[in-house]
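Okay, everyone, thanks for coming. I'll walk you through one protein chain, and you can follow along on the screen.

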Amino acid sequence: MDDLTPLRQLWLDRINTAADPAQIEDVRLAALGKKGEISLKMRELGKMTPEERQTTGKALNELRDELDAALRARKLALEDAALDARLAGEWLDVTLPGRPRPAGTIHPISQVMDEVTAIFADMGFAVAEGPQVESDWYNFDALNIAPEHPARQEHDTFFMHRAPGDDRPPHVLRTHTSPVQIRAMQQTGAPIRVIAPGRVYRMDMDQTHTPMFHQLEGLAIGRDISMAQLKWTLEEFCRAFFEVPSVELRFRASHFPFTEPSAEVDIRCSWENGQLKIGEGDSWMEILGSGMVHPHVLRSGGVDPDQWQGFAFGMGIDRLAMLKYGIPDLRAFFEADLRWLRHYGFAAGDVPSVSGGLSR
Ligand code: DAH
């Protein structure tokens, strides 16, 4: 029989020079795998005489066991070394002081949303919500904006992608918060008193327009809710929001498909040296659209227009924030610039409330 000593030495050398667990596995397959050198040698035992087979078989078995043990030992050693290297490389001194994270503040939009919500909650309005990806029907049809209505074009709508051949009615990024009126009426019926603050989208971009902005919708439906109550509600809101003793509103006849009659509302103000003063002066500034809810809209919401009536209004939250806090450029709202935020932002602990103060 062949002397197995050189073979043994060869494989032990290979095992001990393997540099990582993957190489160990290669060596194992080459020696002890199905077609490994040692395994093939063992297969040849069948051709030997019984005497030869006994001595060679024993020697091969011993060699196989020895190599197997050496492989396992080397693999363990390599794994230990790899772990040691990782522990050394990823070592971290947990007693070092933490890296200070840049402190943020409450964004003026969040602040104004909280202020507005606090004011209307105080007047008995609940907060309603709807999806930002809205169906064509909720965004337009239900609000009395027929397919051929020019308002559809005026809204600079973002349409959601549809696969070619898919001719279901399109979904849009809602162009206003008015569809929440319909969803709220469908959910709770009349009477109802809700506001709906939220994000809206239109294709527009300059100093006073961004493709995403924020609106506040209001809706109050009852047996005999009138335009006089709309006026009081808005005056009360403006007085509280701008934190002035009194305000004066001017209703200008206007047109919106979802209200009849409709009015745009201006607030008395003055501009002195670029400083806006709300509540006094000789100027008027438009702040919102409003009106008495159109019967078609009530019907879309499942409310009987012969039994119920009410008012709705909509305003831009970003613009309210700019006016109240003297922020000149709308685009800065969405640039996530920490220096800007530290200048215009609000402390996290100051939750606005009507009794405790809105902005401090
Ligand atoms: N949806 C209108 C817009 O985006 C704003 C608006 C006007 C809402 C009058 C109303 C309303 O509820 O009565 O321009």
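This is a predicted model: local features need pLDDT of at least 70, side-chain atom pairs count only at pLDDT 80 or more; totals for chains, interfaces and linings use all residues.

Let's go to the ligand. There are 15 residues around it, and the ones that come nearest are His176, Ser178, Arg202, Gln215 and Glu217. For three of these I can give you distances. His176 has a polar side-chain atom 2.9 Å from a nitrogen atom of the ligand. With Ser178, an N or O atom of the side chain also sits 2.9 Å from a ligand nitrogen. And Arg202 places a polar side-chain atom 2.8 Å from an oxygen atom of the ligand. How much of the ligand does the protein bury? On its own the ligand exposes 360 Å², and the protein buries 90% of that.

Which elements give two or more residues to that shell? They are E5, strand E9 (283–293) and strand E10 (309–316). By type, the shell residues come out as four nonpolar, nine polar and two charged.

Now let's stay with strand E5, which runs over residues 212–222 and includes His214. Is His214 buried or exposed? Buried means under 20% relative accessible area, and His214 has 5%, so it counts as buried. What is it in contact with, if we skip the neighbours within four places in sequence? The list is Ile109, Met113, Gly198, Arg199, Met315, Gly316, Ile317, Asp318 and Phe334. Take Gly316 from that list: it is 102 residues away from His214 along the chain, yet their C-alpha atoms are separated by 5.9 Å.

Two of those contacts of His214, Ile317 and Asp318, bring us to helix H11, residues 317–325. Why do we call H11 largely enclosed by the rest of the structure? Because eight of its nine residues are buried. The buried ones are Ile317, Asp318, Leu320, Ala321, Met322, Leu323, Lys324 and Tyr325. Notice that a lysine, Lys324, is on that list too.

One last stop: just after H11 you'll find Gly326, with a positive phi of about 60°.

That's my tour, so over to you for questions.

How values were computed. Residues are numbered from 1 along each chain as its sequence is written. Side-chain values use heavy atoms; hydrogens and water are left out. Helices (H or I, at least four residues) and strands (E, at least two) are DSSP runs, numbered from the N terminus. Buried means under 20% relative accessible area, exposed over 50%, partly exposed in between (1.4 Å probe, protein chains only). Contact means heavy atoms within 4.5 Å. A residue is near a molecule or strand if one of its heavy atoms lies within 4 Å of it. A polar contact is a pair of N or O atoms within 3.5 Å; within protein, one must be able to donate a hydrogen and the other to accept it, and residues adjacent in sequence count only if both atoms are side-chain atoms. Accessible areas come from the Shrake-Rupley method with a 1.4 Å probe; for residues, only the protein chains shown count as cover. Ala, Val, Leu, Ile, Met, Phe, Trp, Tyr, Cys and Pro count as nonpolar, Asp, Glu, Lys and Arg as charged, and the others, Gly among them, as polar.
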